[in-house]
Amino acid sequence: MAQLILKPGKDRAMARRHPWIYDSAVARLEGRARPGDTVTVLSDSGKVLGKAAWSPESKIRARMWSFDPEAVIDHAFFKRAVAASVARRQRHPGLAGQDGVRLIHGESDGLPGVVVDRFGAVVVMQLTSAGADKWRDAIVNALVQATGCEAVYERSDSDVRGREGLEPVTGCVHGALPDALTIVENGIRMEVDVVGGHKTGFYLDQRDNRLMTRELASGRKVLNCFCYTGGFSLQALAGGAASVLSIDSSGPALSTAERNLALNPSLDAGRAAWQEADVFSALRELRDAGERFDMIILDPPKFAPSAAHAERAARAYKDINLLGFRLLNPGGLLMTYSCSGGIGVELFQKIIAGAAADAGVDGRIVHRLSAAVDHPVGLSVPEGEYLKGLCCEVA
Ligand code: SAH
């Protein structure tokens, strides 16, 4: 096995158990390793620190599989790691009875580059690092064993694979997909398009926040921006919203949203309206038309994939939130989110405070929101805390 030798002092991150080794931390590789091969990691003084996956094309040159110097990275390793991650979800009471659950959340579950969501009997897997890609068969076998699922579908088509020198890979890797796949999330039936939908097909991270929307929506006139397949919209209707206007720029997502509404006959479809539009201009049109709402949800896509994009992203967040605040009736709620890794919780709160000030409204934070419990944040991987949200009430 090849040996990755760190530069002097670069073993400090290892002591904090941070799983990434940047190219700038690597002194040299002794021996030969192909992309994804396991290498032994050593400090400059020759102390063995653990085992990692080699990613020669990436700035993150290696990702730690284990901080145990004796660890053997083989099929049994993945069987244990996958089973442990699945078992953590099974014993969490907050996930009992959920059809849609994130089973593996990458680094934070000890499996860098591996994301796995379960939708009923179907498991969707996304591999984004050379190491994870190398161990595809071991991971698939372990998933089938740990879940007893009928199908595993691979959605390794995320852009980040390019940075690892990996081509997109999609398709069924075990069993066969059912003709139509739906899940029930807190009483609402939703279609999940694992083949053509965003990411793995559905945004499970917002499950708890969608439920909170339902709890707060009663009697309110709701505006749901960036609605995707209508998750927040349908929960708001279930919570007794007076009306829900939902906006997204994706026609296919809106078609799915309308099918989802039809899948839930107990909801009053007459209270729902859908609009295919760019949210930035739609908010201005609503403002100019003098519209007002009692609850506004802003769940935009990632504006800042990394800290380098933070400034431009901050302007975009400020823009939509300022317009959101202006469109609220007194006592209204702004449920606002950022899933940008490059925007931290503190910065996000500053942006929202600035937006409220510029809109001329007094607001207060009534709930701090984050990703659902099946999206844990490893204490050694604070980067894993990507989704943050604030529920603000205006005077
Ligand atoms: N809230 C959703 C997930 C939102 S994902 C849920 O709970 O499932 C972000 C959505 O924003 C996507 O559906 C995407 O199509 C949409 N989107 C991206 N840019 C947009 C824009 N400028 N205007 C309107 N929608 C946009």
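**Entry 1: two helices**

I began with helices H5 and H6, and their crossing is right-handed (the near helix is turned clockwise from the far one by less than a right angle). Helices here are DSSP runs of H or I with at least four residues, strands are E runs of at least two, and both are numbered from the N terminus. I note that this is a predicted model, where local features need pLDDT of at least 70, side-chain atom pairs count only at pLDDT 80 or more, and totals for chains, interfaces and linings use all residues. Residues are numbered from 1 along each chain as its sequence is written, and side-chain values use heavy atoms, with hydrogens and water left out.

H5 covers residues 207-216, H6 covers residues 231-238, and I found their axes 7 Å apart at an angle of about 35°. Axes are lines fitted to C-alpha atoms, for helices over the stretch in contact, and angles run from 0 to 180 degrees between N-to-C directions.

Next I looked up who touches whom, with contact meaning heavy atoms within 4.5 Å. From H5 come Asn209, Arg210, Thr213 and Arg214, and they meet Gly231, Phe232, Gln235, Ala236 and Ala238 of H6.

**Entry 2: the sheet**

I then traced an open sheet of five strands, ordered E7-E8-E9-E10-E11, with mixed pairing. Two strands pair if DSSP finds at least two bridges between them. E7 (100-105) and E11 (169-174) are the edge strands, each pairing on one side only.

E7 runs antiparallel to E8 (residues 114-119), with five bridges. Arg102 has Asp117 in E8 as its bridge partner.

Helix H4 (residues 136-147) packs on this sheet and touches E7, E8, E9, E10 and E11.
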